[in-house]
Amino acid sequence: MMAATVYAVCNQKGGCAKTVTSVSFGIGLARTGKKVLLIDMDAQGSLTASLGFQQPDKLEITLSDILAGIINDTPLPEDYGILRHEEGVDLIPANIELSGMEVTLVNTMSRETVLREFLKLVRNSYDAIILDTMPSLGMLTINALAAADQVIIPTASQYLSIKGLEQLLRTIAKVRRQINPGLSVSGILVTLADMRTNYAKDIVELLHSTYDGKLRVFDSIIPMSVRVAETSAEGKSIYRHDPSGKAATAYQAFTREVAGV
């Protein structure tokens, strides 16, 4: 098996379906036979809860423990901290302890590349590793960008979300220049869109007029859907919860666009 492609799902604004996109993309790949690891990089533990581990703060081993092991040069046992999900993906969970790790990283040597050091240990066991980042451009998000091959940028079909993209793209460019020259932007994914409205159509048009020729804007558009919101509470993906719905079809098309599967 070749080393996994590492995808950072990234946007410093909340409310853009970042976690749902991480879950749907990861499980979408797993459904095509790929071996996938999802890593929750948000102290709120949204990805962890979305995959059915509803009390992240009670978990024994989380990403925080793994990063602490790397910082302290402690050998990590194989499969350390990895949880299995019934839909065929592996998960490294997160909880509130991760907010303390953000502070610890600031005073750590080679602080931007701690996650990358860990991924070297697991990359050869997977086809894809997906990093669900927190809604900020702090040290953990920089770690995700330093470790990733590609960035997927979900953006809600709202004007303020698009304004926030400029700051994120500047950060990505800086990481590419200084830490990770192999980093590329896979594309921008429009989420939470009600394409029956002129507003949503205008937002998509604005994205294309701003970024066409510079960045890919995915053809797949993720619709606004109550079904998607329900998946987080169910602990299962949209493919299980509403397999024939619009959101499942859209995420399937998006997975094909990104990974060609």
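Which residue in strand 5 does Val9 stand opposite? Val9 stands opposite Asp132.

## Basis of the model

This is a predicted model, in which local features need pLDDT of at least 70, side-chain atom pairs count only at pLDDT 80 or more, and totals for chains, interfaces and linings use all residues. Residues are numbered from 1 along each chain as its sequence is written, and side-chain values use heavy atoms, with hydrogens and water left out.

Eight strands form an open sheet with mixed pairing, in the order 3-4-2-5-1-6-7-8. Strand 3 and strand 8 (217-223) are the edge strands, each pairing on one side only. Strands (E, at least two residues) and helices (H or I, at least four) are DSSP runs, numbered from the N terminus. Two strands pair if DSSP finds at least two bridges between them.

Strand 1 (residues 5-9) is mostly covered, with four of its five residues buried. Buried means under 20% relative accessible area, exposed means over 50%, and partly exposed lies in between (1.4 Å probe, protein chains only). Strand 1 runs parallel to strand 5 (residues 128-133), joined by five bridges. Strand 1 also runs parallel to strand 6, through three bridges. There, Val9 has Ile152 as its bridge partner. Ile152 in turn has Gly187 of strand 7 as a bridge partner. Strand 6 and strand 7 pair in the parallel sense over seven bridges.

Helix 7 covers residues 159-178 and includes Leu160. Its 20 residues should span 28 Å at 1.5 Å a residue, and the end C-alpha atoms are 30 Å apart, which agrees. The expected span is 1.5 Å times one less than the number of residues.

Several residues of helix 7 are buried, among them Ile162, Leu165, Leu168 and Ile172. Their cover includes helix 6 (139-147), strand 6 (150-156), strand 7 (184-193) and helix 8 (198-211). Leu160 counts as exposed, at 60% relative accessibility. With Tyr159 and Tyr199, Leu160 forms a nonpolar patch on the surface, with about 350 Å² of accessible area together. Patches are made of residues with over 30% relative accessible area and no salt bridge; like charges are joined within 9 Å, nonpolar side chains (Val, Leu, Ile, Met, Phe, Trp, Tyr) within 5 Å. Accessible areas come from the Shrake-Rupley method with a 1.4 Å probe, and for residues only the protein chains shown count as cover.

## Val20 in helix 1

Val20 lies in helix 1 (residues 18-30). Val20 counts as buried, at 15% relative accessibility. Leaving aside neighbours within four places in sequence, Val20 is in contact (heavy atoms within 4.5 Å) with Val228 and Tyr251. Asn107 is 87 residues from Val20 along the chain, and their C-alpha atoms are separated by 32 Å.

## Salt bridges

Side chains of opposite charge can pair when their charged atoms come close. A salt bridge here is a side-chain nitrogen of Lys or Arg within 4 Å of a carboxyl oxygen of Asp or Glu. By this rule the count is 12. One of them joins Glu86 and Arg240 (3.3 Å, N to O). This pair links distant parts of the chain, 154 residues apart: Glu86 is in the loop between strand 3 and strand 4 (89-92), Arg240 in helix 10 (residues 238-241). Glu86 is exposed at 58%, and Arg240 is partly exposed at 46%.

Glu117 and Lys120 form a salt bridge, with their closest N and O atoms 2.9 Å apart. Both lie in helix 5, three residues apart, about one turn of the helix. Glu117 is partly exposed at 35%, and Lys120 is exposed at 54%. Arg196 and Asp194 also meet in a salt bridge (2.9 Å, N to O). Arg196 is exposed at 71%, while Asp194 is partly exposed at 24%. Lys35, Asp79, Arg84 and Asp90 are linked in a network of salt bridges.

## Positive phi in two loops

Most residues other than glycine have a negative phi. Asp73 is not a glycine, yet has a positive phi of about 60°. Asp73 lies in the loop between helix 3 (63-71) and strand 3 (83-84), and counts as exposed at 70% relative accessibility.

Ser110, also not a glycine, has a positive phi of about 50°. Ser110 sits in the loop between helix 4 (97-106) and helix 5 (114-122). At 47% relative accessibility, Ser110 counts as partly exposed.
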